[in-house]
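Biologist: Could we go through this model together? I would like to begin with the aromatic residues and then turn to the chain contact.

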Amino acid sequence: MQDYSVVTFYSTHHALKAEKVLKKEVEILVVPVPRSISANCGIALKFPTSEAKKTEEILARNRVAFEGIFPWPNG
Amino acid sequence: MPIYFDNAATSYPKPPCALEACKDFTERVGANPGRSGHRLSVEAGRILYDARASLAELFNIEDPLQIIFTYNATYAVNVALFGLLKPGDHVITSSIEHNAIARPLRYLESQGVELMRVPVDPKSCQIDPDDFKKALKSNTKLIAILHGSNVTGVIFPIAEIGKIARENDVLFLADVAQTAGAYPVDVETMNIDFLAFTGHKSLFGMQGTGGLYVREGINLLPLVRGGTGSKSEEDVQPDFMPDSLESGTPNTPGLAALAAGVKFIQERGILNIRSHEEELIRKLINGLIEIDEVNLVGDISLDCRLPVISFNIEGLLPSEVGQILDEKYNIMVRVGLHCAPWAHQTMGTYPKGTVRASLSYLNTKDEVDCFLKAVGEISKRRRI
């Protein structure tokens, strides 16, 4: 089974900017944020954990503020 | 069909793509942007982001999230002025400002902000950038001016003012309500720290849309606090852009239309839009000059101006001219003081005001001909 991570944001506006800059390079999915991870904005981006470094690098390069990257909770 | 020459107030008609975008959002999406995690809310959020991104491209703003949406340019100016200025700060403006800047500054002056109004030449209706340099003081915090006057149609050299501000560590606010979309605006080359724009004029969006660009690193005290869809567990306002300055549900259908309006402008090219508008205003001014009873007000040179002209007809009040144009000729203009008493005081047309004709890219030469014929008839009829 593929291992997934999720990047969370303080604001939906930041999440949607992240979607714009990531979508051509990383396979991402906009998902509602699991409450166990964050109580900030309602949406997060789920992506294969193997792409975590690349994801972080793209976000940094485009100066998108994010809260954190967490393992996608199973079950 | 009415002939609509009141575009400096609100542009009409709008390009079909703007109406379509508004309808598409309302029919297909409809949800609240940035609030919920469901598909329609996310889609609404994307539409909002795309609107920010298209405006960022138009004004050469690096990060779209440094733009906050407001109801109009007035609201944007207020967010900047009240968020920045404190008693003891010195602010420089021009003596031809619209009330969007004049009134908040007059109020702030009553609260201890020092206000300096740089004179505007009554003939050329132009400012001298050197006067801004001379007005600088050790406590000058901000220069705040409009880019193009809604009364005279004159465009100010804001790049020069921005340079003076930057060289002297003073912040610069430009109100581009009249120029955005019809004249190039670049926050980098013009050194603009706060850009206040409205959606409903030459950007071809809906009423109730506008925004403020804030240069990264400048913190403004929020004018309004409330729900942002972020940090919902906290009862204090977030401190990051755009959420810090943007509370409550925005006018998403209107902003969808605004984004479509910007796309319409980009597709046609600002320089092409300008050249059509210049052709129309040239024809209009040259035609009005031919009518003996018409007194043109302010600068009538054709270089570097908006498609806006103010005039009076001898022996008639502006309101009478406006009424005849409306009732007899189905032509819409604005009469009076145009929310800019300072401008009329400068030009000597206070308190009577003027008749103002303001054109848009979507007006035609035929409409200008009809207008000139009507003004000619009104002038002659009065003489009999």
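Biologist: Is Tyr4(B) buried or exposed?

Modeller: Tyr4(B) is buried, at a relative accessible area of 16%; buried means under 20%, exposed over 50%, and partly exposed in between (1.4 Å probe, protein chains only). This is a predicted model, in which local features need pLDDT of at least 70 and side-chain atom pairs pLDDT 80 or more, while totals for chains, interfaces and linings use all residues. Residues are numbered from 1 along each chain as written, chains are lettered from A in the order written, and side-chain values use heavy atoms, without hydrogens and water.

Biologist: And Tyr12(B), what does that count as?

Modeller: Tyr12(B) is partly exposed, with 41% relative accessibility.

Biologist: How many aromatic pairs are there over all chains?

Modeller: There are nine; rings of Phe, Tyr and Trp (its six-membered ring) pair if their centres lie within 6.5 Å, and planes under 30 degrees apart count as stacked, over 60 as edge-to-face and the rest as tilted. Tyr4(B) and Tyr12(B) are edge-to-face, because their planes stand at 75 degrees, with the ring centres 5.3 Å apart.

Biologist: Changing topic, how many salt bridges are there between chain A and chain B?

Modeller: Five, where a salt bridge is a side-chain nitrogen of Lys or Arg within 4 Å of a carboxyl oxygen of Asp or Glu.

Biologist: Which side chain meets Asp50(B)?

Modeller: The side chain of Lys20(A) does, in a salt bridge of 2.8 Å, N to O.
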